[in-house]
Amino acid sequence: MYIELLGYSILALFIIIIVFLVLRSVVLWYWKIDHVVSTLDEINRSLKLLIGKEKDEEMSNSSSKIKYDSKGRWTCPKCGYLNDSFRKDCFDCKYNIIKEI
Ligand SMILES: [Zn+2]
């Protein structure tokens with residue numbers, strides 16, 4: 001009698017779990033939750049890629065701003081002063097090329 005009751009309750013629990021899983025997948029399909037989650041993941045990935053690309057572009061832009069001549073002298077991107085090659089700061093406006101690269 002007791003063992004029979006235990007068997008029935010285990011069976012009932014099993015059926016409840018199956019019904020729950022089936023209803024869960026129906027609800028996910030009906031409200032398109034799976035689709036929304038995958039779309040959000042894709043948006044996240046795209047945004048991360050975009051942010052990475054922008055950082056790279058900023059880096060290349062700041063380093064390309066400084067123009068060097070044949071003797072290694074560089075033109076300050078801030079004030080246009082032509083600095084000697086040994087200078088790391090602009091003689092005129094103290095613009096630092098190390099910080100900017
Ligand atoms: Zn300068």
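## Burial and overall layout

Buried residues account for 3% of the 101 residues in the chain, where buried means that 20 or more other C-beta atoms, placed from the backbone, lie within 10 Å of the residue's own. This is a predicted model, in which local features need pLDDT of at least 70, side-chain atom pairs count only at pLDDT 80 or more, and totals for chains, interfaces and linings use all residues. Numbering starts from 1 along each chain as its sequence is written.

You will find three helices and three strands in the chain; both are DSSP runs numbered from the N terminus, with H or I over at least four residues for helices and E over at least two for strands. Starting at the N terminus, their order is α-α-β-β-β-α.

## Contacts along the chain

Take the contacts between residues at least 6 apart in sequence: 10% of them join residues at least 24 apart. A contact here has the C-beta atoms, placed from the backbone, within 7 Å.

## Helix 1

Helix 1 covers residues 2–30, and its end C-alpha atoms are 42 Å apart.

After helix 1 comes lysine 32, with a positive phi near 55°.

## Isoleucine 98

Isoleucine 98 sits in helix 3, residues 97–100. It counts as exposed because it has 7 C-beta neighbours inside 10 Å, the cut-off for exposed being 12 or fewer.

Lysine 88 is ten residues from isoleucine 98 in sequence, and their C-alpha atoms are 6.6 Å apart in space.

Key:
Contact = placed C-beta atoms within 7 Å. Expected span 1.5 Å × (residues − 1).
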